[in-house]
Amino acid sequence: MTRSSNGDEDVKEVVRRYWNGRADSYDDDGISGVRADEQREAWLAVLRRWTGDPPRRVLDLGCGTGTISLLLAELGHDVSGVDLTPEMLERARAKAREAGLSIDFGLGDAEALPVPDDAYDVVTARHLIWTLPNPSKAIREWRRVVRPGGRIVLLEGHWDFPEPWEEYREIHDDLPLYRGRPPGELVDFLADHGLERLEREPLMDATLWGENPEQELYVVGIDVPK
């Protein structure tokens, strides 16, 4: 892929503007939100299996409206959420207050985290890596903030859009993983960046998404060496 002349901050501003505009409606579909008890229980089971026994210090990157953050906190983890978009974060804070959950939500860039080394037991990210202009840099950051013996959990997918989204048309060439990747390709990408002990599992159960997913959806777990 050949990059355009857009700078990274220009790309991130387009991303920020788009997702700010989605904040009020983001939770309305099953792919993004959790609307039914059966769906919620299915997600709790997935996250329990991949994040381990609570309480753990978990950083949820690209947390958006807090869908995964709230579920992690419900499991008993000590959760912080980071997102680039203020409107999404306001929605996440409101949902946490309504649920009576204590979660530290903050504005931040997943490629440059204001977080000390080895600060978390687990880093999670759902449908984030395709939106990043520098996924290689992001992976180094995520590895840096997870303690030895900790875990990185990526909930990802392959969105084989026939054409770029209208809102992403000017920047899609600047996003190396735009449209996501099939699980094998993402695992290879992560391995090429020095990550080992990679596990993956399909997430194609309609219960998780409130509908039969049209995309290939999956989870990848990475154990950070002790």
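Trainee: Is tyrosine 168 buried or exposed?
Mentor: Tyrosine 168 is buried, with a relative accessible area of 0%. Keep in mind that this is a predicted model.

Trainee: What does tyrosine 168 pair with?
Mentor: Tyrosine 168 forms an aromatic pair with tyrosine 18. The pair is edge-to-face, at 5.6 Å centre to centre and with 85° between the planes.

Trainee: Why those two values?
Mentor: Because a pair of aromatic rings is described by the distance of the centres and the angle of the planes.

Trainee: How are the rings of tryptophan 130 and tryptophan 159 arranged?
Mentor: Their centres are 6.0 Å apart and their planes are at 50°, so that pair is tilted. Tryptophan 130 lies in the loop between strand 4 (120–126) and helix 5 (135–145), while tryptophan 159 lies in the loop between strand 5 and helix 6. The parts tied together here are 29 residues apart in sequence.

Trainee: How many aromatic pairs does the structure hold?
Mentor: It holds 12 aromatic pairs.

Trainee: Which residues form the aromatic cluster?
Mentor: One cluster is formed by Tyr18, Trp19, Tyr26, Trp130, Trp159, Trp165, Tyr168 and Tyr178.

Trainee: Switching topic. Where is threonine 85?
Mentor: Threonine 85 is in the loop between strand 2 (78–83) and helix 4 (86–99). Threonine 85 is buried, with a relative accessible area of 2%.

Trainee: Which residues is threonine 85 in contact with, leaving aside neighbours within four places in sequence?
Mentor: Val15, Arg16, Trp19, Asn20 and Leu107.

Trainee: At what angle do helix 1 and helix 4 pack?
Mentor: At about 35°, with the axes 7 Å apart. Arg16, Trp19, Asn20 and Arg22 in helix 1 meet Pro86, Glu87 and Met88 in helix 4. By class, that contact has 3 nonpolar, 1 polar and 3 charged residues.

Trainee: And helix 2 with helix 3, what is the angle there?
Mentor: Helix 2 (residues 37–51) and helix 3 (residues 67–74) pack at about 70°, and their axes are 10 Å apart. That makes helix 2 roughly perpendicular to helix 3.

Trainee: Which residues in helix 2 and helix 3 meet?
Mentor: From helix 2, Arg40, Trp43, Leu44, Leu47 and Thr51; from helix 3, Ile68, Leu71, Leu72 and Glu74. The classes in this contact are 6 nonpolar, 1 polar and 2 charged residues.

Trainee: Glutamate 41 is in helix 2 too. Which C-alpha atom is separated from that of glutamate 41 by 9.2 Å?
Mentor: That of threonine 207, which is 166 residues apart from glutamate 41 along the chain. Glutamate 41 counts as partly exposed, at 42% relative accessibility.

Trainee: Now the backbone. Which peptide bond is cis?
Mentor: The bond from proline 54 to proline 55 is cis, with omega near 0°. Proline 55 lies in the loop between helix 2 and strand 1 (57–61).

Trainee: Why point that out?
Mentor: Because most peptide bonds are trans, and most residues other than glycine have a negative phi. On the phi side, aspartate 118 has a positive value of about 60° although it is not a glycine. Histidine 127, not a glycine either, has a positive phi of about 55°.

Trainee: Where are aspartate 118 and histidine 127 found?
Mentor: Aspartate 118 is in the loop between strand 3 (104–107) and strand 4, and histidine 127 is in the loop between strand 4 and helix 5. Aspartate 118 is partly exposed, with a relative accessible area of 36%, whereas histidine 127 counts as buried at 15%.

Trainee: Last one. What feature does UniProt place at residues 59–154?
Mentor: The unreviewed UniProt entry lists "domain: Methyltransferase type" there. Over residues 59–154 the chain is 34% helix and 30% strand, and the end C-alpha atoms are 12 Å apart.

Key. Residues numbered from 1 in each chain as written. Predicted model: local features only at pLDDT ≥ 70, side-chain atom pairs only at ≥ 80, totals over all residues. Heavy atoms only, no water. Axes fitted to C-alpha atoms, helices over the stretch in contact; angles between N-to-C directions. Helix = DSSP H or I, 4+ residues; strand = E, 2+ residues; numbered from the N terminus. Parallel < 35°, antiparallel > 145°, perpendicular 65-115°, else oblique. Contact = heavy atoms within 4.5 Å. Nonpolar A, V, L, I, M, F, W, Y, C, P; charged D, E, K, R; others polar. UniProt positions renumbered as here; feature names shortened; annotations may be inferred. Phe/Tyr/Trp six-rings, centres within 6.5 Å; stacked < 30°, edge-to-face > 60°. Buried < 20%, exposed > 50% of the residue type's maximum accessible area, 1.4 Å probe, protein only.
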